Amino acid sequence: MGRTGSLWGYQSIVGDEVAPDIMTLAKSLAGGLPIGAICMNQKVADMIHPGDHASTFAGSPLTTNVACTVLDRIANPEFLASVRTKGDHLRDLLAELNSPHITEIRGRGLITGVEMDIDVTPIVDQGYEQGLLTVSAGTNILRYVPPFIITEEELERAAKITGDILQGL
């Protein structure tokens, strides 16, 4: 939700021309509080009857109120623009590293994958030691999924740490 720079992930790929018939939401909807929800078009809604669907984490007044607040904040066009800007900045910084180990940098918004010609496990491990939290996606892709509130300076620090680690390999 919002992480790709669009409210919903599919919008960053197909825009508003195509929409899913049904979509499930959970973790990010209430900022980490337990909630589950489904969104559906009218055609699907017309097929569902009482008792067809249930949820363990739907309907708590507190969590639902939090979810409404989170959704209002993330749906703000300025907020989504900042997600896209920050993600573009991170990918530009990573490209500037010019490491021979980087074979491709891809992503949308604040989801970035850096494909390498080496196993990224040592990069992840050394990053932890230096205060950079990344994760691998497979053996050769270093994944960055920073928080929405990350600053430009923090992105620059992340890229510097990555560059320093790559130079030491």
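Phe79 and Phe148 are both buried in this predicted model. A search of the whole structure identified one aromatic pair. In this pair, the ring centres of Phe79 and Phe148 are 5.1 Å apart and the ring planes meet at 75°, so the arrangement is edge-to-face. Phe79 belongs to helix H4 (residues 77-95), whereas Phe148 is found in the loop between strand E6 (141-144) and helix H6 (152-168); the pair therefore ties together parts that are 69 residues apart in sequence. Phe148 has a further neighbour in Arg3, which lies over the face of the Phe148 ring at 4.6 Å from its centre.

The cysteines were examined next. A disulfide is a covalent bond between the sulfur atoms of two cysteines. The structure contains zero disulfides. Cys39 takes part in no disulfide, and the nearest cysteine sulfur, belonging to Cys68, is 11 Å away. For Cys68, the closest cysteine sulfur is likewise that of Cys39; because the separation is 11 Å, the two atoms are too far apart for a bond, the cut-off for a disulfide being within 2.5 Å. Cys39 has a relative accessibility of 30% and therefore counts as partly exposed. Cys68, with a relative accessible area of 44%, is also partly exposed.

Methods
Residues are numbered from 1 along each chain as its sequence is written. This is a predicted model: local features need pLDDT of at least 70, side-chain atom pairs count only at pLDDT 80 or more; totals for chains, interfaces and linings use all residues. Side-chain values use heavy atoms; hydrogens and water are left out. Buried means under 20% relative accessible area, exposed over 50%, partly exposed in between (1.4 Å probe, protein chains only). Rings of Phe, Tyr and Trp (its six-membered ring) pair if their centres lie within 6.5 Å; planes under 30 degrees apart count as stacked, over 60 as edge-to-face and the rest as tilted. Helices (H or I, at least four residues) and strands (E, at least two) are DSSP runs, numbered from the N terminus. A charge sits over a ring if NZ of Lys or CZ of Arg is within 6 Å of the ring centre and within 35 degrees of the ring normal.
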